[in-house]
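Subject: Structure for your review

Dear colleague,

Please find the structure below, handed over for your own work. My notes on its side-chain contacts follow.

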Amino acid sequence: MFSRIIPFSGPPRTLALAQLTNSIGDGAYYVCSALYFIRIAGLSPTQVGFGLTLSWAVGSLAGVPLGHLADRRGPRGTAVLLAVATGSAVGSFLFVRSFALFVVVACLYASCQCGLSAARQALLAGLVDRARRTEIRSYLQATVNAGLAIGAALGGAALSLDTEEAYLAVLAMDAVSFLLSALVLLRLPAMPPSPAAAPGRPALEVLRDRPYALVSFLNMITLLNMPLLSLVIPLWIVQRTEAPTWTVSALLVLNTLSVVFFQVRVARRVRDLTTASRSVRQAGVVMLASCAAFALSAAGSSAWVAGVVLLVAACLQVFGEMLQASGAWEIGFDLAPPDRQGQYQGFFGTGASVARMLGPLLLTTLIVTWGTPGWLLLGGLFLGAGFAMGPAVRWAERTRAARSAPVVIDVGSGVI
């Protein structure tokens, strides 16, 4: 099993171990944090929802400048610093007992998380051969899912105890996990910082790269599948289908294990921008089929028929998720200038932050309120974004080629 989630020795294995370390803590945190903030910190559900939405909005804005910092100061040192800062932010939640302090700490936490993600992607881009980036990124994703599953089990144990001490122990464990991750990252070789921008070249070049912005926007649409499994599908199962409630846990386990065992295999099909665009396009088709199957699960009155339909829909959903992720990683890496990977990965990663921020409200309105038409509309969005990715990537390739084309001087006519 470990060969499926831990890559070969060297920097890839160190990166995987660093992410495994803090994903275990994160898994426990994700399970327990909402109840901790409400029952122990004394916040209302509305305050928690607003604070988390605001924090991810701030985090999405912080990703680019923190990614730029990784380019200019070196990604390893920046990643270590941001891992320590993230751990400190999680540790600060232990002392949160007011809404104002919660908002401040949540914004710090989200900003450091987004910056840490950008710095790690810059490390991966710099330490791994271009031809193997997507494959190694798939290993890291499998590692993260395995760690989240382990952490979720630990968080479940804390939930069963339902005591203040148990919740505080989970938060402390998550904080320590980031500090341990920082120590693991120190084992990576140092990478030289990128040179300062040449005269006339903007420091935050990604903010002016319109083709890359379009590609990132389309990726953000496809990432709306993120809140599906954690929020929308459980509500759909409980409120709209006859399936037993334990189906929610079964589908979560199915998704996690599928990514652990099959993400690397799916990613091996992606070798360049052409195959990456094809993978995202196929993901759009599969996600449309998944949405249609989820809509169909509400028809009829048989619990077992509903359960079988939900199982098919979940299998399609996770397959589409793996196809989308594999293509998106290749596109995000390959279209970024080698010396600007940090800021470009920070910008590309805003899709995940925006999906976390807007996804719950948008998808609960579409799915839980509208029902079948909402599912079909969401599937149409996935399909449209998947088919639009290919032309957007080709536009970005043409723009990149034009920027890197050498200047030819006609000495005879004096025309440049």
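**Aromatic contacts**

Phe99 counts as partly exposed, because its relative accessibility is 28% (buried means under 20% relative accessible area, exposed over 50%, and partly exposed in between, with a 1.4 Å probe and protein chains only). Please note that this is a predicted model, in which local features need pLDDT of at least 70 and side-chain atom pairs count only at pLDDT 80 or more, while totals for chains, interfaces and linings use all residues. Residues are numbered from 1 along each chain as its sequence is written, and side-chain values use heavy atoms, with hydrogens and water left out.

Rings of Phe, Tyr and Trp (its six-membered ring) are taken as a pair if their centres lie within 6.5 Å; planes under 30 degrees apart count as stacked, over 60 as edge-to-face and the rest as tilted. By this rule there are 16 aromatic pairs. One of them joins Phe50 and Phe99, a tilted pair with 6.3 Å from centre to centre and 40° between the planes. This pair links distant parts of the chain, since Phe50 belongs to helix H3 (residues 45–73) and Phe99 to helix H5 (residues 99–127), 49 residues apart. Helices here are DSSP runs (H or I, at least four residues), numbered from the N terminus.

The pair of Phe294 and Trp375 is stacked, because the ring centres are 5.0 Å apart and the planes are at 15°. This pair also links distant parts of the chain: Phe294 is in helix H11 (residues 273–296) and Trp375 in helix H15 (residues 372–404), 81 residues apart. Both Phe294 and Trp375 are buried.

One aromatic cluster is formed by Tyr29, Tyr30, Tyr36, Phe37, Trp56, Phe93, Phe102 and Tyr109. Within this group, Trp56 has the charged end of Arg356 over its ring, 4.6 Å from the ring centre. A charge is taken to sit over a ring if NZ of Lys or CZ of Arg is within 6 Å of the ring centre and within 35 degrees of the ring normal.

**Salt bridges**

Side chains of opposite charge can pair when their charged atoms come close. With a salt bridge defined as a side-chain nitrogen of Lys or Arg within 4 Å of a carboxyl oxygen of Asp or Glu, the count comes to six.

In one of them, Asp162 meets Arg39, with the closest N and O atoms 2.6 Å apart. Asp162 lies in the loop between H6 and H7 and Arg39 in helix H2 (residues 11–40), so this pair ties together parts that are 123 residues apart in sequence. Both partners are partly exposed: Asp162 has a relative accessible area of 38%, and Arg39 has a relative accessibility of 49%. Asp162 also has a positive phi of about 55°, although it is not a glycine.

Glu164 and Arg97 form a further salt bridge, at 3.6 Å from N to O. Because Glu164 lies in helix H7 and Arg97 in the loop between helix H4 (75–92) and H5, the pair ties together parts that are 67 residues apart in sequence. Glu164 is partly exposed at 36% relative accessible area, as is Arg97 at 39%.

Arg340 pairs with Asp339 in a salt bridge, the closest N and O atoms being 3.2 Å apart. Arg340 counts as buried, because its relative accessibility is 2%.

**Cysteines**

A disulfide is taken as a pair of cysteine sulfur atoms within 2.5 Å, and by this rule the count is zero. The sulfur of Cys112 has its closest cysteine sulfur in Cys114, at 9.5 Å, which is too far for a bond. Cys112 counts as buried at 6% relative accessibility, and Cys114 counts as buried at 12%.

**A buried glycine**

Gly59 is found in helix H3 and is buried, with a relative accessible area of 0%. Gly59 and Leu43 are 16 residues apart in sequence and 21 Å apart in space, C-alpha to C-alpha.

Yours sincerely

Terms used
Helix = DSSP H or I, 4+ residues; strand = E, 2+ residues; numbered from the N terminus.
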